[in-house]
There are 2 protein chains.
Amino acid sequence: MTDTLDASSVQPDVNLSVLAPVMPPAQSSHAASSVGVNRLSAALGEWVRVLGTEHVLSDAATLDRLGRSTLPTSTRPAAVLRPSCTDEVRQVAAIATTHGVPIYPISRGKNWGYGDACAVTDGQVILDLSRMNRIVEVNAELAYAVIEPGVTQGQLADYLRENKTGLWLDVTGAGPDASIVGNTLERGFGHTPYGDHLAHSCGMEVVLADGTVFSTGFGAFEGAKSARVFPWGIGPWLDGLFTQSNLGIVTQLGVWLMPEPETCQAFAFQVPRDDDLEYVVDAIRWLRLHDVVRGTVHVANDLRVISARRRYPWELTGGATPLPDNVRSELRREAGIGAWNVMGGLWGTRRSVAAARRAIDRRLDGLAHVHFVGRRTLRWGQSAARWLRRTGYGRRLGEMLESASSVYDLLVGSPSREHLKGVFWRSRVAPDAENPDPSQSGVIWLSPVLPMTAHACREVLGLVEPIFAAHRFEPLITMTAVTSRALVCVMSVCYDREAERETASALECYHELFGALMKQGYVPYRVATTNMTKLGPYARTYWDVASRLKSALDPAHVLSPGRYEPGSA
Amino acid sequence: MTDTLDASSVQPDVNLSVLAPVMPPAQSSHAASSVGVNRLSAALGEWVRVLGTEHVLSDAATLDRLGRSTLPTSTRPAAVLRPSCTDEVRQVAAIATTHGVPIYPISRGKNWGYGDACAVTDGQVILDLSRMNRIVEVNAELAYAVIEPGVTQGQLADYLRENKTGLWLDVTGAGPDASIVGNTLERGFGHTPYGDHLAHSCGMEVVLADGTVFSTGFGAFEGAKSARVFPWGIGPWLDGLFTQSNLGIVTQLGVWLMPEPETCQAFAFQVPRDDDLEYVVDAIRWLRLHDVVRGTVHVANDLRVISARRRYPWELTGGATPLPDNVRSELRREAGIGAWNVMGGLWGTRRSVAAARRAIDRRLDGLAHVHFVGRRTLRWGQSAARWLRRTGYGRRLGEMLESASSVYDLLVGSPSREHLKGVFWRSRVAPDAENPDPSQSGVIWLSPVLPMTAHACREVLGLVEPIFAAHRFEPLITMTAVTSRALVCVMSVCYDREAERETASALECYHELFGALMKQGYVPYRVATTNMTKLGPYARTYWDVASRLKSALDPAHVLSPGRYEPGSA
């Protein structure tokens, strides 16, 4: 899955860390940040009064846990605060501003592959919002929920099912424990027609650095009846400001939910040769632009699919890297997959889904054979596989159906742990099969956005494949149609974090990929916390405007400051 | 049509005018605005150097024309500037900031019913962007256009047709001469699945008050390949800031276009009795939430439909107002319409449209008889009407088909002047049949947003109907499903601007309606320039945050200042 792990739980993101170089002189004259011990202890004292000692943590075990990251580099916090409600967040923020101590809000801290729970610099105080996990409202008539940052995909999905609401949540591949708010603020995406999470949210409650609390959209108006059904409100639309930014702390979010359709079917097809990608991309663009396919469509290369089922075949390569072509094609053959593997979903009435199937078949006629899979087909196949489990065919069928059904789960709003496995590709030890913990793996995500054209795909692949090879990695790639016109190309640099040399190479590989892609105009849709400062040299005017907004809303620069962020006065 | 005239062409809007009461003391200490003559003449001198005398106008005729409004009150500008490109706008803005002279940008100035081209106060300098009417790019493969503020609906629609691009533009009922950028910045809406214009725009070029020029989204990155296909870019999303605001001047916009579908059909049905509205609203919500209907759906009351075909029947009432019930039902009978009249569109393959038709019939079975009309049916009916034109039936059929086909035009992206006629309802003189000019009419729009529930509709109607009656007006109302969960209830107070008493009553009626709706939590999605300050008392914290942003991006407060906006230093 392209978006395995893209459910960030850091919130808000800290792209504005790159602003410091363009901060106005007034601020730039401040001494570079490293928080004075006195200021920190003074702030900690006041935070204890607000939260109680049990929710102001600085023991080694806690700091170790939050200092861990899937990235080669990570940062260590100075302390961890665990507020239980918006009013506590308000007081915590005001205290941070008073003492000029940087706080770094996280929702669930599962921003795997993009920095996990780590701040951009050492010594920041993590504001852990996981205790704020209330499902504030679910409205079945108007199909929305209002949730706090600590609410996980699994929690809301269970609630919707157990209470027979008839509503589905759009989930990502990041598993049941990832935060919905965190992912939305990172502008993550899922699989259904509600896949663009920001575009399907409605109304935020925001706490500013000085403790100002306000709601966006119509929520700003007391007693407004349409706060969760019409996103724009009246006057300038501010919600976008608080995504991928360090301008405020989002403490509540309205989320639109999808009414269970009459039917849902997955469609899937393979393309044998690498070059076939060209016509596939053109076909998907046509199907999206003509509104035949309304969810995100995922185009995964062979290695992406294989890595979801098994780790790097160290035994077959005698420990050598990167993966030799002959081994790669053998694994591809074994897995019964193509060079590229396409998957998407259809939702609606039986007739409308049948009409969409017909249009897909017609558009791909002679190019690929499309399989359509509904829940019934899956159940049937699974029992067949159980009967044949002693045969090689039965085992492969079972494997295929297992990953097929975990994919199907995503289409019907039920989060699955299956998709977390892929990040252990280069690990030499197997992850916990039941509950894999990516923070023990080695992975860096890089996700440039490209126009949905064959030409752009070819250019990006031609750019990155040699770089992966030069650093002895193999590209695990998915192209996802997140709009009708754009693909997010999610590639992962998977490495064995136990191997020092390989870990170093992974970082070099990432930086080289990043540089080459930026040079060609392929900007990522999100970026790892440790690499945000890399955006600084680009788009200076834009960051300058953003920095004016930062100074207006957080003059002391205490919210998620960046590497070069000036400390507070 | 509910959104007749809702294509604003003011840009940017001036809701921040209400911020002054909450401006930080530093600014509030400024003297209240009324631009010094010296500052103005100094600025005019520099503007002439940049634009040439022919594009710096202050002759009475020009000021009269731009001082005209469909509203009972209007404001008179001090001068008009007509830049031809972004660089001229940059210089004009910088000069305004230097001299502290307020400038008020408009795109085409056709914000009918919401203030036309009028600034919030007298004596502002209108920045008329109508000369900036370049279609910068049309990309047929990726289905988007990049346009300047002066580009009209008619201009782009013609370009797309004449160049056989196979692309459709989502248009509003505001006619061919309205600006696309202006409407998008006002967050207007049309009729197709691309009806939410802001949600289908992608990337802005913005000029700030100090002359800073920058692009939003990926456009901020030089050579970015995805600036027009992926709206969010990286880092905080700023586009929303420049809608319904006075924070910057938008000089370029990316607009997504709809590929011509295999087929397009209009669907329409009537409900005889007023109370039938309840089940209709529930049915529309179901059809939108289940993705059967993807465009906006319009529910017009009898008077809205009648007013599109004829003016107030002064002759039948002996000049009395409001419209007596018996006359109203007679007109309704004559026109062959219901108490409420529903219209929407279906786009797609023949099969998918057939599937949608089936789902609509099934959902409304026993409630209403739904008519489906394609282009062929219309053509057939029109020739039939020509044959029967001497008979009463033929005339009525002709009339019905005329309005039906003008509605159909909107579904296929071709703007029509038909829908401008409704605003002349109370005029005693007939508008120019070929080219009605709303600025000679009397209309105030009020457009509260409500949750798409029968209860909310009933509550709003119960609130406003007595108020209309008390002021001797009759409610012309459309409820439009702009999201799957919300209705915008566009009601118009139409008055005869030649009648002084009636004009005064119209204003009183508007203010009473506004107050009653706000009290019940029904906030408008946009508001007339002359009434924005009414929003001040509500949502103070929100406006306070917005005012911080205003001070950060326009410290001299020269862009579209509001009534109580402090002047510049």
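The model is predicted. Chain A is described through an open sheet of 5 strands with antiparallel pairing, and chain B through an open sheet of 4 strands with mixed pairing. Chain A can be laid on chain B by a turn of 180°.

**Sheet in chain A: order and edges**

- The strands of this open sheet follow the order S5-S6-S10-S8-S9 in chain A, and their pairing is antiparallel.
- Strand S5 (135-139) and strand S9 (213-215) of chain A are at the edges with a single partner strand each, so one side of each has no neighbour in the sheet.
- On average, neighbouring strands of this sheet are turned by 10° against each other, direction ignored.

**Sheet in chain A: pairing from S5 to S6**

- S5(A) pairs with strand S6 (residues 144-147) of chain A over 4 bridges, in the antiparallel sense.
- Within this pairing, A:Ile135 has A:Ile147 in S6(A) as its bridge partner.
- Helix H5 (residues 153-162) of chain A packs on the sheet and touches S5 and S6 of chain A. The direction of H5 makes about 40° with that of S5(A).

**Sheet in chain A: strand S10**

- In strand S10 (residues 249-256) of chain A, 8 of the 8 residues are buried, so the strand is largely enclosed by the rest of the structure.
- S6(A) and S10(A) run antiparallel and are joined by 4 bridges.
- A:Val255 in S10(A) is the bridge partner of A:Ala145.
- Strand S8 (residues 201-207) of chain A also pairs with S10(A) in the antiparallel sense, over 5 bridges.
- A:Val255 in S10(A) stands opposite A:Ser201.

**Sheet in chain B**

- The order of the 4 strands in this open sheet is S1-S2-S4-S3 in chain B, with mixed pairing.
- Strand S1 (56-57) and strand S3 (103-106) of chain B are the edge strands, and each pairs on one side only.
- S3(B) and strand S4 (residues 125-128) of chain B pair in the parallel sense, with 4 bridges.
- B:Val125 in S4(B) is the residue opposite B:Ile103.
- Helix H4 (residues 86-99) of chain B lies across strand S2 (79-81), S3 and S4 of chain B. H4 runs at about 155° to S3(B).

**Relation between the chains**

How values were computed. Residues numbered from 1 in each chain as written. Chains lettered and ligands numbered in written order. Predicted model: local features only at pLDDT ≥ 70, side-chain atom pairs only at ≥ 80, totals over all residues. Heavy atoms only, no water. Pairing = 2+ DSSP bridges. Helix = DSSP H or I, 4+ residues; strand = E, 2+ residues; numbered from the N terminus. Axes fitted to C-alpha atoms, helices over the stretch in contact; angles between N-to-C directions. Contact = heavy atoms within 4.5 Å. Least-squares fit on C-alpha atoms with pLDDT ≥ 70 in both. Buried < 20%, exposed > 50% of the residue type's maximum accessible area, 1.4 Å probe, protein only.
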